[in-house]
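Please study the sequence and the model before reading each solution.

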2 protein chains.
Amino acid sequence: MRARNQREVFEEVHRRGPISRAEIAANLHLSPAAVTNISAELIARGLLFEAREAQTGGVGRKAILLEVDYSLARVAGIKVSPTAITCAITNLGAKVEATATRALSETSPDTVVEGIGSMLEEMDALDVAALGVNLPGAVADDGATVRHSPLLGWRSVPIGQLLERRLGVPVTVENDVNALALAEAWFGYGRGHADFLALTLGRGVGLGIVIGGEVYRGPRGGAGEFGHVILDPAGPETEHARRGSLEAFLSDDALLRSARALGISVAEAASPEALTELATAEDPRANEVFTRAGEVLGRALCILVNVFAPTLIVLSGEGMRAGGLLMPHARRVLEGTAFGDLGRDVELIVDTWGDDAWARGAAGLAASRYLVGEASRTGGEAQPV
Amino acid sequence: MRARNQREVFEEVHRRGPISRAEIAANLHLSPAAVTNISAELIARGLLFEAREAQTGGVGRKAILLEVDYSLARVAGIKVSPTAITCAITNLGAKVEATATRALSETSPDTVVEGIGSMLEEMDALDVAALGVNLPGAVADDGATVRHSPLLGWRSVPIGQLLERRLGVPVTVENDVNALALAEAWFGYGRGHADFLALTLGRGVGLGIVIGGEVYRGPRGGAGEFGHVILDPAGPETEHARRGSLEAFLSDDALLRSARALGISVAEAASPEALTELATAEDPRANEVFTRAGEVLGRALCILVNVFAPTLIVLSGEGMRAGGLLMPHARRVLEGTAFGDLGRDVELIVDTWGDDAWARGAAGLAASRYLVGEASRTGGEAQPV
DNA sequence: AATCATTCATTCACTAAATCAATGAAAGGG
DNA sequence: CCCTTTCATTGATTTAGTGAATGAATGATT
């Protein structure tokens, strides 16, 4: 009960930024006295601090605003991809202090663990309070075991325990898309939105569903496999994506394949980055690639908008490097085909992209877990999280 | 707090059927003492009663099983459609005691209110404890005002207040699909499932999303407009449904249109019912209609399964009169195209159909509201719901 | 048959943690 | 300069939980 309310107060301060005790009490339906008590303990434990006074012009005593002390500790976030691991060191507010990347020659768990360990040593970051790891694949509910990751070739790998043993730091493992969604919810554009969607484009197409501030995983996990939705049974297919699936239209591979079909040679554009540049340089064929992709993205968004009626969709991932090329077309299709005003009433935000963003997502995951754990820990007693 | 735990205990008894105090305590992480207290009050208020003892073969004192007293009151559920109103009188467990239907010549709010009132009088049901109303269209969060219902020609109609004034009974208004989903969650196949989907076929295609035992409406309502999802931009269109939308494939109108295209004359099958009979009688053209529709349904289910990874989808609505014809094809497509095992790991249940089911959904809505209200009401004090 | 172990339910003292009402603190307005 | 307003705090009170002991009802054990 106390733990619960502590956590509620803390999360309210986190969400609503600098906020007075009175407002917290009003928002959470608690008495001012209770908020005074709870916030006193959170301040004593260093999680909150009294910031400047409010600058309201109104009558009456000015409020003392509370803020979260994000500098209380540092955390590390690791993105494990088939070819590299990327690390971001951030404060508890997911503000990046340092990043680094290291190539992976192979993806065995031992190699990955060792790589992460030596990377943190080199970055002088062995003192972090928590470590978040995200990777492509299905992660068990325990936040530690990888159930299945085709891209890494892993099955039932207790990567969380392995890392905790190696580093002596609490580790949370999560699917990459879910971690990004969680980070958006806590520290990104999703802040203040109880419900929103996080769509990622890149090697694949991922969907993070945030409902009530939490990532929705479905009754037994596995929700959000939006990239495998079949949009057109007669559509294209790629090596990794089924015919007509969203990934077969929108993944990096799919875009390159589409470019080849339109006569763009490997010499002209070997990579998605190069293809994006080509389109930015007004190459009509490259533009056509992104026009078509944007329209497909619009159809995909239309499905999501009709089903969830969201007010916000955050788009990110490497594929969003071409956001400027894709979004006008996506928006046009969305507004033209979604039910009623749903297509116009949804905010579409393109977030930063690149592996750094993924690693920052992992760090945000770690930070949120750490903060939740601290905020719901009472007095000196340890509390199961 | 007390109200909250009372409600939790009550809902646990409702969900898990006859259940002992000890088990409630274990499931809700409450002390046995607290459960004794809370259940004593709920019993004193008539909501619960002590049923037979458990027949466990084990050692030790036998448990005294608690059950909800669904016969405590009766409720009425009304389905308002453009052509008729249907009424179901049920006990608090959504067990139907009587039904009736009355044609509507026009759908003005006054006519509907008067029709409902005289109908309840005729059914000798003016003593019901609550009234649930469902109808096609968007209903405001207050559970009383119809924001917009094209089919009824309503806009901003406070139908809830009108009915309460006429009948002196608490009224809850809800979108028809959401009400059906809620009824499934409380009294139907969704019992015991925190998360599931309710898909309805009939005049249109509707989706009710149940997450955490509650109907998900999205951040500002309007979620679940699945019928307007565009499956194929080059698909068919109908009078009411956009080209290629799910409704343009699967609604009653769409099926008839598809039948005409396959050479089935109006004389052979004037209605969806007749078309279903024709197919049941092995007419190859009619079978083709349902084969195609089943495959489209499978594609639609595939989208839902990939996004939500549900363990249960309940299918209902008038369109499910042809469930036996549709589902084999739908299931085949679903299992063939959904990601991984998701298509096989989902239970597809065809529920009863017809306007009675809709009205029962409305009654279930009323019953659940009534029970929640009673269960979270403390002592003699009134509690805001 | 008598006793013991086990499980469910209850009782009662205790306590955590909220609320309530009163009060202090810090502003602006007349 | 006092009054009103708003925010924050304090201490008494109340609510509603937990924990330990006890009673109740059963099967198992000797």
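**Exercise 1.** State how the residues of the surface near DNA strand C divide into nonpolar, polar and charged.

*Solution.* Step 2: Ala, Val, Leu, Ile, Met, Phe, Trp, Tyr, Cys and Pro count as nonpolar, Asp, Glu, Lys and Arg as charged, and the others, Gly among them, as polar. Step 3: the surface near DNA strand C holds 12 nonpolar, nine polar and five charged residues.

This is a predicted model, in which local features need pLDDT of at least 70 and side-chain atom pairs count only at pLDDT 80 or more, while totals for chains, interfaces and linings use all residues. Residues are numbered from 1 along each chain as its sequence is written, with chains lettered from A and ligands numbered from 1 in the order in which they are written.

**Exercise 2.** Identify which element gives the most to the surface near DNA strand C.

*Solution.* Step 1: helices (H or I, at least four residues) and strands (E, at least two) are DSSP runs, numbered from the N terminus. Step 2: the element is α3(A), with four residues.

**Exercise 3.** Determine which strands of chain B stand at the edges of the sheet.

*Solution.* Step 1: two strands pair if DSSP finds at least two bridges between them. Step 2: the open sheet has five strands in the order β14-β13-β12-β15-β16 (chain B), with mixed pairing. Step 3: β14 (214–215) and β16 (347–350) of chain B each have a single partner strand, so one side of each lacks a neighbour in the sheet. Step 4: β15 (residues 312–316) of chain B pairs with β16(B) in the parallel sense over four bridges, and B:Leu348 in β16(B) is the bridge partner of B:Ile313.
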